[in-house]
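Please look at the sequence and the structure first, and then I shall go through them with you.

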Amino acid sequence: MLSVPQDVAIRFFNSLMHGVDVTTIMRWDMPWWETVLGVVEIFALGWLFGALIAGCYNCCEKSASKPGR
């Protein structure tokens, strides 16, 4: 949270969460290792979610193309 001022970050996340007040849940004293771990977790979850969508797409595509041939 060192890249932007506190009020700008709170305003951004409040608008992102459609008006939910996030001031009570935001932490400003995070160690660097928690930040790195959070970034790694976001990439891992994004990859897993993308793999799940790709697997479902491939399964549906194969079953839909079989009856036509």
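This is a predicted model: local features need pLDDT of at least 70, side-chain atom pairs count only at pLDDT 80 or more; totals for chains, interfaces and linings use all residues.

I turn now to the chain as a whole. It contains 2 helices and 0 strands. Of its 69 residues, 7% count as buried. The accessible surface amounts to about 6,300 Å², and carbon and sulfur atoms account for 70% of that area.

Let us return to helix 1, which covers residues 6-16. Which of its residues are buried? They are Ala9, Ile10 and Asn14. These three lie on the same side of helix 1, because the arc they cover around the axis is only 130°. Arg11 and Leu16, by contrast, are exposed on the other side of the helix.

Asn14 deserves a separate remark. This residue of helix 1 has a relative accessible area of 19%. Buried means under 20%, so Asn14 falls within that class. What does Asn14 touch, if we leave out residues up to four places away in sequence? Its contacts are Gly19, Val20, Asp21 and Val22.

Next, the aromatic residues. How many aromatic pairs does a search of the whole structure find? The search finds 1. The partners are Phe12 and Phe13, in an edge-to-face arrangement, with 5.1 Å from centre to centre and 70° between the planes.

I move on to helix 2, which comprises residues 32-65 and includes Trp33. Trp33 is partly exposed, at 48% relative accessibility. Which residues make the nonpolar surface patch of about 580 Å²? Trp33 is one of them, and the others are Trp32, Val36, Leu37 and Val40.

Finally, the charged side chains. A search across the whole structure returns 1 salt bridge. Here the side chain of Glu34 meets that of Arg27, with 2.5 Å from N to O. Are these two partners buried or partly exposed? Glu34 is partly exposed at 24% relative accessibility, and Arg27 is likewise partly exposed, at 40%.

Ala9, Ile10 and Asn14 are buried in helix 1, while Arg11 and Leu16 are exposed on its other side. Phe12 and Phe13 form an edge-to-face aromatic pair. Lastly, Glu34 and Arg27 are joined by a salt bridge. Thank you for your attention.

How values were computed: Residues are numbered from 1 along each chain as its sequence is written. Side-chain values use heavy atoms; hydrogens and water are left out. Buried means under 20% relative accessible area, exposed over 50%, partly exposed in between (1.4 Å probe, protein chains only). Helices (H or I, at least four residues) and strands (E, at least two) are DSSP runs, numbered from the N terminus. The arc is that of the directions from the helix axis to the C-beta atoms. Rings of Phe, Tyr and Trp (its six-membered ring) pair if their centres lie within 6.5 Å; planes under 30 degrees apart count as stacked, over 60 as edge-to-face and the rest as tilted. Patches are made of residues with over 30% relative accessible area and no salt bridge: like charges are joined within 9 Å, nonpolar side chains (Val, Leu, Ile, Met, Phe, Trp, Tyr) within 5 Å. Accessible areas come from the Shrake-Rupley method with a 1.4 Å probe; for residues, only the protein chains shown count as cover. A salt bridge is a side-chain nitrogen of Lys or Arg within 4 Å of a carboxyl oxygen of Asp or Glu. Contact means heavy atoms within 4.5 Å.
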